[in-house]
Amino acid sequence: YGAMPAIHGLADLEGCIVEPLPSGLFGGDPSRRIDAAMAQHIEQADARIAAMSGQRFSEVYRRKVLGNPEMAFDSTPATQALTAVSLWNVRRELDGLHALQRERFVAGRDVTQPEVIAQALAASLGDDAETWGRRIADPKAVIATEKRIARAHKVMKSVGVQGVPALVWPSEQGLRLLPGQWLFNQKPLAEQVATLA
């Protein structure tokens with residue numbers, strides 16, 4: 001979420017293709033919840049991200065998401081939704097990701113709920129929520145999600161990174177991990193990446 005302004009700037013460059021690769025971080029366990037200690041840790045991380053990026057974390061998010069011990073803490077539904085967006089139109093995946101992030105971090109909505117996800121994608125990308133619900137539930141999206149997560153793990157292992165977000169650049173020498181601070185630097189990411197060409 002904090003890196004989205006930089007990533008969108010990079011994606012807007014002519015000839016530059018940004019391929020999101022969801023890793024499934026915090027996914028796979030629908031029973032996981034945010035306890036008080038985890039909520040405090042997340043809130044501290046959010047404050048750092050907000051200071052570096054200018055991205056907004058609302059009070060309603062802190063109250064309804066971080067302060068809700070009953071809400072699931074599982075990225076799987078959102079990850080599968082992004083795969084569905086990619087299968088529909090690969091060029092709109094970043095828009096879909098940002099829509100889901102705004103639902104969580106600004107609107108304070110539960111993005112583990114299929115109807116919330118479908119409504120957010122419909123509002124941001126077009127079509128109706130029912131159509132998005134079908135796309136997300138499609139078995140092809142389920143299979144493709146598993147393949148994408150496996151690919152993300154392979155890429156992350158190859159460049160020696162465990163956390164997200166990470167920016168990986170394909171070069172003639174192979175995949176290269178770019179400095180994480182580039183995603184939050186005052187200098188536009190596009191200018192920093194241009195030095196690699």
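This is a predicted model: local features need pLDDT of at least 70, side-chain atom pairs count only at pLDDT 80 or more; totals for chains, interfaces and linings use all residues.

Biologist: What makes tyrosine 61 count as buried or exposed?

Modeller: Buried means under 20% relative accessible area, exposed over 50%, and partly exposed in between (1.4 Å probe, protein chains only). Tyrosine 61 has a relative accessible area of 0%, so tyrosine 61 is buried. Phenylalanine 105 is at 15%, so phenylalanine 105 counts as buried.

Biologist: Why is the pair of tyrosine 61 and phenylalanine 105 called edge-to-face?

Modeller: Rings of Phe, Tyr and Trp (its six-membered ring) pair if their centres lie within 6.5 Å; planes under 30 degrees apart count as stacked, over 60 as edge-to-face and the rest as tilted. Here the centres are 5.2 Å apart and the planes are at 75°, so the pair is edge-to-face.

Biologist: What does this pair tie together?

Modeller: Tyrosine 61 lies in helix α3 and phenylalanine 105 in helix α5, so the pair ties together parts that are 44 residues apart in sequence. Helices here are DSSP runs (H or I, at least four residues), as are strands (E, at least two), numbered from the N terminus.

Biologist: How many aromatic pairs does the structure hold?

Modeller: The structure holds 7 aromatic pairs. One of them joins tyrosine 1 and phenylalanine 57, edge-to-face, at 5.2 Å centre to centre and 80° between the planes. Tyrosine 1 lies in the segment before α1 and phenylalanine 57 in the loop between α2 (36-53) and α3 (59-66), so this pair ties together parts that are 56 residues apart in sequence. Ring pairs link Tyr1, Phe57, Tyr61 and Phe105 into a cluster.

Biologist: How do you know that the charged end of arginine 135 sits over the ring of tryptophan 132?

Modeller: The rule asks for NZ of Lys or CZ of Arg within 6 Å of the ring centre and within 35 degrees of the ring normal. The charged end of arginine 135 is 4.5 Å from the centre of the tryptophan 132 ring, and sits over it.

Biologist: What makes β1 and β2 a pair?

Modeller: Two strands pair if DSSP finds at least two bridges between them. Strand β1 (residues 168-171) and strand β2 (residues 174-177) have 4 bridges and run antiparallel. Valine 168 has leucine 177 as its bridge partner in β2. A hairpin of 2 residues joins β1 to β2.

How values were computed. Residues are numbered from 1 along each chain as its sequence is written. Side-chain values use heavy atoms; hydrogens and water are left out.
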